Amino acid sequence: MEYLSTDKILVIDLNAAQVEEEELLESLVEEKIGGIGIAKYLYEKYENDDPIVIGTGLLTGTTYPASAAGGITAKSPVTGSVCHCPVIYKLGVEIKYSGFDYIVVKGRSDSPVYLWIHDGVADISDASDVWGKDVWESTDELRKFVGDDLLQTMLIGPAGENGSDYAQVCYNHWSSPDRFGFGKLFGAKNLKGLAFRGMGLIEVAEPEDYVERSLEILKQVKENSFLEKKGLGQILTALGEEGVSDWIDPVTHRHSADYFTPYASNTALFLDEDPGLLEESKKEEPGVLVSDIYALLGFKNVGLSVKDAGHALKACAKYGIDPFAVAQLSGKTTLEEIKDSFDSINGEITIPGSGLFTPWCPTGPIFNDFNLSGKDEIMAWWERRQAVSMIFGIQPMFSLMCPELTEENMLELASLGTDLELTQEILDAVIDDILG
Amino acid sequence: MNDPKIGIYAGSGTSHSWLWFVDLFEKAGFHDLVFLDEFLVQNNEIKDLDVLVVSGGDTFAVAHSLGRQGGRNIKSFVEQGGVYIGSCAGAYLPMKSSQKPLDQFNFVDVKITNLSKLFPGAEIQTCKSCAAYGYDFVFHPVREAVSLKTTSFFDKDKSIEFSAPLYGGPGMKAKDPSWVLAVYEGFTPKTTFLTSLKIAQKTLVSNGAVIKVPLKQGCFYLLGPHLEHPKFKQANQFIIDAVNRETGTARDDVDSKNKKTGFSPQDLKDRKEQVSGKKAKELLLSIRRELSNSRIVTGSLEFLPVQWLIGQKVYEPQKVRVYLESMWKRLRALEKNKVLILEPGLSDRITTAAGQITIELRRIKQQIDGNLDSLKTAVIIFDLLHILSISFFDLYFATMSSGLNHSLKRLNHKRNKFR
């Protein structure tokens, strides 16, 4: 596969400590397009080896608006079935630029390891120095060892190592959309996680047309009035949670967006530093970056102050546990009690619809109504929208905001970028396959 | 006609600019390239070359490394018909000097115009504006692109203007004016002035920028500016034309006399071993792994405000990057070959040096982050980069020109396009 692709699928056998590469065939892209379309195919191909498939969308890392996402596909300890968790921030892009479109991790290592993926090289590395450490310490240590502060990581903390059902795979220092307990799968494989860095290039079949059309779509996207807003407080306000924005304002330091995503949906809270600070903080841990609107809301609803809620989110990110599950299931109402509850989180959280996609994303449109009505119609739309986002690599929260990102123009760009004829019929078939 | 056999000095004292010559010659289709350190020059491994290139760096350090024996061998090489191309530091090297160790290289009667008893006040970049030269100072009035013009001794019918970047190279006055092929014509919008315009004009304008000094059957080409810089195509062509012109004549004369060794794939096959299959794949993966690791740290170092003064030259992390990129950009072409051609022991030398560079770069990042002195580590890194890049290019050019992988055809095609 020559275009919009690194042309490579990485297959890592942790049992044998072996790394193999497969070519990403054009015929597979013609049939499954990409992202979770292909990740599901790879999961089924290696199903007997209990695989975790990490992948990128066909448009990930390009000039198509919000083409930020990758995905993790695996069997969830929470639901017992195969689920898809988006990879956000700058990490999805880094996966593709590190030289592989898809990474299949199968088997179990005898001892703790991490995977160092860089410029088309995959190294299975000893993780004994970071095993037992929390997500923040591990991220910092790997960055220091590799000598690069921009190293992108996908790691577990003590929750994953200890086998908690709600152990999360964290991205860099931060919590992720993982509501599926994928951290437990990593821990069971003795896999501390993956570190990515790449300086690769992606070829585009029709580069000028691709960029021109991307920019036209971006221009349409920017006509949305909601782009005057920023941060997760405004998202919650749009969803009817009026008080959250005012509640977090006193500790809000900044908002940040995922790669090439026009809406800044992540909010950094400063907990031990002046939120008005305009220079880089000299404090080691000034605060926490929050992308999980429902976890934040959950801690508010149990009665925590905004600072304590921020500290709880930070503690969850360090421990590598799903903060939403902690807020919902711990039954605790003070910060210290919540921190002490991580190893005893039990019970069930609701995964909506067919259970394939994470309720980290609101289960309906945000800021726009997309002309939808009725619970069933909205849920069907939401599941399809999630599938489409994760096939093409679009930031899944932003795709719920923006009607201008259509299946039609995603297909158009995918065809321009690959020189393949990717049609609505093919996309419908891929979605049917994913949604069952 | 065989390609000229070109030796590029990449030993101690050189900076990264010899890599520009590699790019230049490869683009021109000259793939019979030999990479030399000071020991090979001292062992007179240059005697069978058509062209010897000494590029930029620290002139004193180059002279010190080559020593008296290296100097003798260079002189003998030129006297017997060889072409010496010296750029920047390589241009200073053979000029008359009483300074030790430069006094072992008194081959051409050319004076430096940017020499002063007093240090002219630098307006910016003080560290790059001047270097001690005995009791005097070699000063650098400008940096970046300057304008050059050929003289009637280059072509009596027409004068050509072109530009090339000056990074500390000399202005020159030749004993015989007919040696001057191009002079400094003036400055360009991209010229950075380290002294006043008046001093810059007085020092450079109308003085020699490119000089050819004959010595018995051979000659010295001295280039003040870096005509080999990849962004200056017209200047690049000047060098290629000179090589074609000089070696065409020289080989006709000397091939018959000295029977110089012309390149042939058969020779390579005889001298070097072929590596294929799993062994070749592992070697290339190992190179890719360590070059990638090194590039990643270097990318991070480039954000840091750090420089190292090694000898008389200032080095920044960006220069590490130039070495790494010169290999990285050729790696994919090398990976397409099923058979690698290399000397015995070269594989180990490459993998050891590449792995060590990663370790040292990670070490220096931690030293800088911890506000510790990093100069010693920087010296080690640049030494290792020289070793690695010389070894890598030995592997690369031997493999690409072996004729075993159809690479030669591609290179020849590139050469024809260039011409």
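Biologist: What makes you divide chain A into domain 1 and domain 2?

Modeller: The bounds come from an automatic or database domain assignment. For chain A, domain 1 is 1–219 + 349–436 and domain 2 is 220–344. Their centres, taken over C-alpha atoms, are 23 Å apart. This is a predicted model: local features need pLDDT of at least 70, side-chain atom pairs count only at pLDDT 80 or more, and totals for chains, interfaces and linings use all residues. Residues are numbered from 1 along each chain as its sequence is written, and chains are lettered from A and ligands numbered from 1 in the order in which they are written.

Biologist: Which residue counts go into the contact between domain 1 and domain 2 of chain A?

Modeller: Two residues are in contact if their C-beta atoms, placed from the backbone, lie within 7 Å. By that rule domain 1 of chain A gives 43 residues and domain 2 of chain A gives 35.

Biologist: Which element of chain A gives the largest share of the domain 1 side?

Modeller: H7(A), with 4 residues. Helices (H or I, at least four residues) and strands (E, at least two) are DSSP runs, numbered from the N terminus. H7 of chain A spans 207–221.

Biologist: How do the residues of that side divide into nonpolar, polar and charged?

Modeller: Ala, Val, Leu, Ile, Met, Phe, Trp, Tyr, Cys and Pro count as nonpolar, Asp, Glu, Lys and Arg as charged, and the others, Gly among them, as polar. The domain 1 side in chain A has 26 nonpolar, 10 polar and 7 charged.

Biologist: What does the assignment give for chain B?

Modeller: Domain 1 (6–258) and domain 2 (265–418). In chain B, 20 residues of domain 1 are in contact with 21 of domain 2. H1(B) supplies the largest share of the domain 1 side, 3 residues.
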